[in-house]
Amino acid sequence: MEKKSVKKMVVVVVVIIAIVIVVWAVWLRGPKVAKIELSVEPSTLVADDKSTAVVTAKIFDAEDNAIPDRTVEFKLSYLYRGGNLKEDKVTTDKDGKASTTYTAGTKAGERRITASADDESKIVTINLTEKE
């Protein structure tokens, strides 16, 4: 084979690989997350090591369409006696929603939970009050 033919083949292979990557990123992976709505219910709990709240994220693309089958990561900012999350990675349902349960810890104060998908994130706050 001539050097020119080998170079042409290499260029063709590189172009094919680039096309496959673009198709995977856009078509198979789906649209990019443009917005996250995040809520918690209830937003105030007793620091009793057993009270719970449901944290729900809903993710949208740039056209405000809900995105199904995408992983949302939940992260609790305060770990020492601050409670815990039942699941930290949840896949969105057909309506673009993913939920986890927060269980209160034993130390009163403010807790922040971050939901992230793609390069987007949103923070919600839960207040833990002293046991009576």
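Does Arg70 count as buried or exposed, and at what relative accessibility? At 8% relative accessibility, Arg70 counts as buried, where buried means under 20% relative accessible area, exposed over 50% and partly exposed in between, with a 1.4 Å probe and protein chains only. The model is predicted, so that local features need pLDDT of at least 70 and side-chain atom pairs count only at pLDDT 80 or more, while totals for chains, interfaces and linings use all residues. Residues are numbered from 1 along each chain as its sequence is written, and side-chain values use heavy atoms, with hydrogens and water left out.

The chain as a whole comes first. Its secondary structure comes to one helix and nine strands, these being DSSP runs numbered from the N terminus, with helices of type H or I and at least four residues, and strands of type E and at least two. From the N terminus on, the order of the elements is α-β-β-β-β-β-β-β-β-β. Of the 132 residues, 30% count as buried. The accessible surface comes to about 8900 Å², and 55% of that surface belongs to carbon and sulfur atoms; such areas come from the Shrake-Rupley method with a 1.4 Å probe, and for residues only the protein chains shown count as cover. Among the contacts in the chain with a separation of 6 or more, 58% are accounted for by residues 24 or more positions apart, contact meaning heavy atoms within 4.5 Å.

The strands can be followed sheet by sheet. Five of them form an open sheet of mixed pairing in the order E2-E9-E8-E4-E6, two strands being paired if DSSP finds at least two bridges between them. Strand E2 (44-46) and E6 stand at the edges with a single partner strand each, so one side of each is left without a neighbour in the sheet. From one strand to the next the twist averages 30°, with axes taken as lines fitted to C-alpha atoms, for helices over the stretch in contact, and angles running from 0 to 180 degrees between N-to-C directions.

E9 pairs in turn with E8, in the antiparallel sense and over nine bridges, with Lys122 of E9 as the bridge partner of Ala115. The hairpin of E8 and E9 has two residues between the strands, and in this hairpin Asp118 takes a positive phi near 55°.

In E8, Ala115 is the bridge partner of Phe74, and Thr114 that of Lys75. E4 and strand E6 (residues 89-91) are likewise antiparallel, over three bridges, and here the bridge partner of Glu73 is Lys89. In a regular strand the side chains alternate between the two faces of the sheet. Strand E4 (residues 71-76) has a covered face made up of Val72, Phe74 and Leu76, and an uncovered one with Thr71, Glu73 and Lys75.

The other four strands discussed here form an open, antiparallel sheet in the order E1-E3-E7-E5. Its edge strands are strand E1 (35-41) and strand E5 (83-85), each of which pairs on one side only. Neighbouring strands of this sheet are turned by 20° against each other on average, direction ignored. Within the sheet, E3 and strand E7 (residues 97-104) pair in the antiparallel sense over seven bridges, with Thr52 opposite Thr103 in E7.

Two loop residues remain to be described. Arg70 lies in the loop between strand E3 (52-60) and E4, and a polar contact of 3.0 Å joins its side chain to that of Asp118. A polar contact is a pair of N or O atoms within 3.5 Å; within protein, one must be able to donate a hydrogen and the other to accept it, and residues adjacent in sequence count only if both atoms are side-chain atoms.

Thr92 lies in the loop between E6 and E7 and is buried, with a relative accessible area of 2%. Its side chain reaches the backbone oxygen of Ile67 at 2.9 Å and the backbone nitrogen of Asp69 at 3.0 Å. Thr92 and Asp69 are 23 residues apart in sequence, yet 5.0 Å apart in space, C-alpha to C-alpha. Leaving aside neighbours within four places in sequence, the residues in contact with Thr92 include Arg70, Val72, Ile59 and Lys97.
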